[in-house]
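Q: I'm new to this one, so please pick a part and walk me through it slowly. Where should I look, and what will I find there?

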Amino acid sequence: LKDDIRPLDKQALVDFMKQVELVSYRYKDEPEGTKRIGVIAQQLLAINPEIASLFVTEDEEGYYSVDYSALSLLAVLALQ
């Protein structure tokens with residue numbers, strides 16, 4: 001079911017994760033006091049667009065989103 005399978009450059013992924021900045025935020029339409037933790041998709045793209053493209057997508061309206069389940073795999077790698 002899969003094709004184009006290639007190994008990832010583990011050191012490049014670890015270097016990427018070391019540069020990722022975690023932030024707290026709230027969405028504009030959420031009540032004050034609501035806090036979330038995450039990353040800013042545009043910052044991930046600025047660090048390394050090729051790696052970020054593994055888990056950052058842009059919709060038709062130009063909004064970015066992060067696939068945190070895929071990003072968490074890199075966090076596991078960085079901890080190894």
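A: Let's start with the lining of the second largest pocket: by class, six nonpolar, one polar and three charged residues (Ala, Val, Leu, Ile, Met, Phe, Trp, Tyr, Cys and Pro count as nonpolar, Asp, Glu, Lys and Arg as charged, the others, Gly among them, as polar). Keep in mind that this is a predicted model, where local features need pLDDT of at least 70 and side-chain atom pairs pLDDT 80 or more, while totals for chains, interfaces and linings use all residues. Numbering runs from 1 along each chain as its sequence is written, and side-chain values use heavy atoms, leaving out hydrogens and water.

A pocket here is an open set of points on a 1 Å grid over the protein atoms alone, where a 1.4 Å probe fits, with protein on both sides within 12 Å along at least five of seven lines; lining residues have an atom within 4 Å of a point. So who lines this one? Arg6, Pro7, Leu8, Asp9, Ala12, Leu13, Glu50, Ile51, Ser53 and Leu54 do. Helix 1 (10-19) and helix 3 (49-52) each give two or more of them (helices are DSSP runs of H or I, at least four residues, strands runs of E, at least two, numbered from the N terminus). The space inside is about 250 Å³, counted as what probe spheres set on the points fill, with points joined across faces, edges and corners.

For context, the largest pocket holds about 410 Å³. Its lining has 14 residues, and Tyr25, Tyr27, Val39, Ile40 and Tyr64 sit closest to the centre. Helix 2 (41-47) and strand 4 (64-66) each contribute two or more residues there, with strand 4 giving the largest share, three. That lining divides into nine nonpolar, three polar and two charged residues.
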